[in-house]
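Please look through the sequence and the model shown here before reading the report that accompanies them.

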Amino acid sequence: MKMEEEKVKAAEEEETWSKETVPKVIDLREMNNAGNRLVAALSIPRYRHVREINLEFAQDIEDRHLELLKTKCLGSLQDLESLNLNGCQKISDKGIEIISSTCPELKVFSIYWNVRVTDIGIQHLVKNCKHIIDLNLSGCKNLLDKSLQLIADNYQELESLNLTRYVNMILLGLFYIWSNNILLMSEFIYHGIRFFQAVQINSSNGGDHLAFAYIIETNTYKHGKEKHIIETIKTGQQLL
């Protein structure tokens with residue numbers, strides 16, 4: 001009798017846990033069959049209010065899986081704030097269009113080492129996701145300065161932007177970012193090594209990083225940030 005009562009109690013507790021516990025994170029990092037796993041998980045009512053999905057270096061995640069999420073699990077993605085697609089090489093501009101139109105509350109988006117996404121993908125992102133504050137585009141070799149202009153024009157509240165290994169970035173693209181978000185630009189300069197190396201990749205004479213420092217130094221006075229920016233410029237130059 002006692003054993004039966006314990007079983008009933010355990011079943012009731014399990015039912016209560018299932019109803020009350022709402023998972024906020026789906027972590028499929030480095031897992032196989034990640035696309036199907038994700039669709040299956042988001043089809044369960046418990047995951048209706050998930051806030052973070054991590055697919056970093058996950059295998060078997062493609063645009064078609066994101067399409068399935070949009071058609072079958074749209075309600076489960078309305079509260080998503082963070083999406084990590086680092087190393088997901090099969091995701092293209094189409095995938096970015098789908099997932100960005102599905103997740104309007106997205107704040108953190110990372111697509112490190114994606115060589116398929118182009119400026120078109122970023123255009124979809126800025127159109128559909130208005131609240132991005134943390135963006136990682138490191139290693140996205142097919143993005144051009146157009147993407148930086150789109151980011152600068154649409155994400156003026158951006159707090160973190162990773163452009164390392166952004167090999168097609170040139171001076172003009174960085175100027176777009178600086179002119180719209182001077183505090184974020186100062187962070188690039190303060191952590192000088194990667195910033196200046198990224199600019200120097202596309203420099204014919206090795207002097208673009210100095211030219212950009214000069215632009216900031218001569219125009220910053222209009223923004224009232226003279227001391228802070230000039231100090232970060234000097235710090236960046238010392239790190240070269």
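**The chain as a whole**

This is a predicted model, in which local features need pLDDT of at least 70 and side-chain atom pairs count only at pLDDT 80 or more, while totals for chains, interfaces and linings use all residues. Residues are numbered from 1 along each chain as its sequence is written, and side-chain values use heavy atoms, with hydrogens and water left out.

The chain holds 11 helices and six strands, where helices (H or I, at least four residues) and strands (E, at least two) are DSSP runs numbered from the N terminus. Of the 240 residues in the chain, 43% are buried; buried means under 20% relative accessible area, exposed means over 50%, and partly exposed lies in between, with a 1.4 Å probe and protein chains only. Among the contacts in the chain with a separation of 6 or more, 79% join residues 24 or more positions apart, a contact being heavy atoms within 4.5 Å.

Confidence is given as pLDDT, the predictor's confidence in each residue on a scale from 0 to 100. The chain has a mean pLDDT of 76, and 60% of its residues reach 70 or more. Over residues 189–240, however, pLDDT stays under 50, and for this stretch the model has 71 contacts beyond four places in sequence. Where pLDDT is low, the predicted coordinates should not be read in detail.

**Helices that pack together**

Axes are lines fitted to C-alpha atoms, for helices over the stretch in contact, and angles run from 0 to 180 degrees between N-to-C directions.

| Helix pair | Angle | Distance between axes |
|---|---|---|
| H2 (residues 34–42) and H3 (residues 63–72) | about 10 degrees | 9 Å |
| H3 and H4 (residues 93–102) | about 25 degrees | 9 Å |
| H4 and H5 | about 5 degrees | 8 Å |

Angles under 35 degrees count as roughly parallel, over 145 as roughly antiparallel, 65 to 115 as roughly perpendicular and the rest as oblique. H2 and H3 are therefore roughly parallel to each other. In this pair, Gly35, Asn36, Leu38, Val39 and Leu42 of H2 meet His65, Leu68 and Leu69 of H3, and the contact of H2 with H3 has five nonpolar, three polar and no charged residues. In these classes, Ala, Val, Leu, Ile, Met, Phe, Trp, Tyr, Cys and Pro count as nonpolar, Asp, Glu, Lys and Arg as charged, and the others, Gly among them, as polar.

With an angle of about 25 degrees between them, H3 is roughly parallel to H4. Asp63, Leu66, Glu67, Leu69 and Lys70 of H3 make the contact with Lys94, Gly95, Ile98, Ile99, Ser101 and Thr102 of H4, and these residues divide into four nonpolar, three polar and four charged.

The angle of about 5 degrees between H4 and H5 makes H4 roughly parallel to H5. Here Asp93, Ile96, Glu97, Ser100 and Ser101 of H4 touch Ile120, Gly121, His124, Leu125 and Asn128 of H5, a contact with three nonpolar, five polar and two charged residues.

H4, which takes part in two of these pairs, is mostly covered, as seven of its 10 residues are buried. The buried residues are Asp93, Gly95, Ile96, Ile98, Ile99, Ser100 and Thr102, and they pack against H3, S3, strand S4 (108–110) and helix H5 (119–128).

**Single residues**

Ser82 is found in strand S3 (residues 82–84) and is buried, with a relative accessible area of 17%. Not counting residues up to four places away in sequence, Ser82 touches Arg51, Glu52, Ile53, Leu106 and Val108. Ser82 and Ser110 are 28 residues apart in sequence and lie 8.4 Å apart in space, C-alpha to C-alpha.

Ser138, in the loop between strand S5 (134–136) and helix H6 (145–154), counts as buried at 1% relative accessibility. With residues up to four places away in sequence left out, Ser138 touches Ile111, Tyr112, Trp113, Asn162, Thr164 and Arg165.

Most residues other than glycine have a negative phi. Trp113, in the loop between S4 and H5, has a positive phi of about 60 degrees although it is not a glycine, and Trp113 is partly exposed, with a relative accessible area of 39%. Asn33, in the loop between strand S1 (25–27) and H2, has a positive phi near 55 degrees and counts as partly exposed at 35% relative accessibility.
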